[in-house]
Amino acid sequence: MAAIKEAKYIWMNGEFVPWKEAKVHVLTHALHYGSAVFEGVRCYETRRGPAIFRWKEHLERLYASAKIYRMEIPYTREQLTEATLELIRKNELRACYIRPIVFRGYGDIGVWPGNCPVEVAIAVWEWGEYLGSGALENGVDVMVSSWNRMAPNTFPPMAKTTANYANAQLIKMEAVEYGFTEGIALNPSGSVSEGSGENLFLVKNKVLYTPSLDAIILPGITRDTVITLAKELGYPVKETHIPREFLYIADEMFFTGTAAEITPIRSVDRIPVGDGKPGPVTRALQEKFFKIVRWEEEDTRGWLLPVYD
Ligand code: PPE
């Protein structure tokens, strides 16, 4: 029995196929060499029906990831948008997670991928709290990983490729093995990078700090959302290099990500963050974020794409 909440259909190379039939060959290039780029997007149940949050930005990042890896996506942005909207409708989902993946398929073996087709699939399913039930409310306990993120000019962190998640898995498995919910990785220079599947924010004296793009991070769309909202709420935001010890003296800390949304962090290496409870800045940002994704306030930024007209 799969743990994932299966939906009815998956879109694969232009067709809607039953969930269980969305298969690939065992010699698929991506399975052997990590040659796939993907996205994670959320569709929220809103007052105006289901709506996808920041679809345009996620799609742009998908095409950017593919471009970095010299992959030509054989569909237009409009085709992938229409496929995704139709897929959510066909699966009759109100709220879901969306996973588009572009991968080098079956055709030849060997590192050079030129004889393998570029294939595209999109799956949608219901996905609740990423870091465990109650995480959004109570916060999570994390550790600084003994694994670093990758060095510059090795695996480009701006590309959301499956290859990067080999490193992410090492971080996550170690954390879980040691009884933590998640790990925070440092980069090769020893400054703070990100979680295995989330960006990181610290709050000190009502100022937000987050690792800058050159600190080896995925340029998160939720990170961008939080930076935008924080500024609107009057909190200064500094994108900078963050020394490890700042993690132990911050007033508040939280993860951001499509799956993780805005998840408070209540301890790092068993040292409580602030008084060990989610703080007021984190709460204010969570509140604003959830209001926006649920369309409880005017979508002035054009961040929501309704699934039904
Ligand atoms: N860093 C990493 C390494 C990462 O994987 C994610 C998303 C982020 C930052 C946040 O990016 P964004 O979603 O654009 O705000 N991780 C995705 C995959 C999680 C998974 O386990 O699968 C996600 O949140 O969808």
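Q: Where helices (H or I, at least four residues) and strands (E, at least two) are DSSP runs, numbered from the N terminus, in which strand is Ser-267 found?
A: This is a predicted model, in which local features need pLDDT of at least 70 and side-chain atom pairs count only at pLDDT 80 or more, while totals for chains, interfaces and linings use all residues. Residues are numbered from 1 along each chain as its sequence is written, and side-chain values use heavy atoms, with hydrogens and water left out. Strand 15 covers residues 261–268, and Ser-267 is found in strand 15.

Q: Is Ser-267 buried or exposed, and with which side chain does its own side chain make a polar contact?
A: Buried means under 20% relative accessible area, exposed over 50% and partly exposed in between (1.4 Å probe, protein chains only), so Ser-267, with a relative accessible area of 8%, is buried. A polar contact is a pair of N or O atoms within 3.5 Å; within protein, one must be able to donate a hydrogen and the other to accept it, and residues adjacent in sequence count only if both atoms are side-chain atoms. At 2.8 Å, the side chain of Ser-267 makes such a contact with the side chain of Asp-141.

Q: How many bridges join strand 8 to strand 15?
A: Two strands pair if DSSP finds at least two bridges between them. Strand 8 spans residues 140–148 and runs parallel to strand 15, and Asp-141 stands opposite Ser-267 in strand 15. The number of bridges that join strand 8 to strand 15 is 3.

Q: Which helix does the chain pass through between strand 12 and strand 13?
A: Strand 12 (residues 207–211) and strand 13 (residues 237–240) run parallel and are joined by 4 bridges, with Glu-239 as the bridge partner of Thr-210. The β-α-β crossover here is right-handed, and its path from strand 12 to strand 13 leads through residues 221–232, that is, helix 6.

Q: How many aromatic pairs are counted, and what relative accessible area does Trp-127 have?
A: Rings of Phe, Tyr and Trp (its six-membered ring) pair if their centres lie within 6.5 Å, planes under 30 degrees apart counting as stacked, over 60 as edge-to-face and the rest as tilted; the count comes to 11 aromatic pairs. One of them is the edge-to-face pair of Tyr-97 and Trp-127, at 4.6 Å centre to centre and 80° between the planes. This pair links distant parts of the chain, 30 residues apart, with Tyr-97 in strand 6 (residues 96–104) and Trp-127 in the loop between strand 7 (118–125) and helix 4 (135–138). Tyr-97 is buried at 4%, whereas Trp-127 is partly exposed, with a relative accessible area of 33%.

Q: What angle lies between the ring planes of Phe-289 and Phe-290?
A: The ring centres of Phe-289 and Phe-290 are 5.2 Å apart, and the pair is edge-to-face because its planes stand at 80°. The angle between the planes of Phe-289 and Phe-290 is 80°.

Q: Over which ring does the charged end of Lys-90 sit, and over the face of which residue does Arg-301 lie?
A: A charge sits over a ring if NZ of Lys or CZ of Arg is within 6 Å of the ring centre and within 35 degrees of the ring normal. The charged end of Lys-90 is 5.4 Å from the centre of the ring of Tyr-9. Arg-301, at 5.0 Å from the ring centre, lies over the face of Trp-303.

Q: How far is an oxygen atom of the ligand from an N or O atom in the side chain of Tyr-130?
A: A residue is near a molecule or strand if one of its heavy atoms lies within 4 Å of it, and of the 21 residues around the ligand, Tyr-97, Tyr-130, Tyr-165, Thr-222 and Thr-258 come nearest. A backbone N or O atom of Ile-221 lies 2.7 Å from an oxygen atom of the ligand, and a side-chain N or O atom of Lys-160 is 3.4 Å from a nitrogen atom of the ligand. For the side chain of Tyr-130 and an oxygen atom of the ligand, the distance is 2.6 Å.

Definitions and conventions. A crossover is right-handed if, with the strands pointing away from the viewer, the path from the first strand over the helix to the second runs clockwise.
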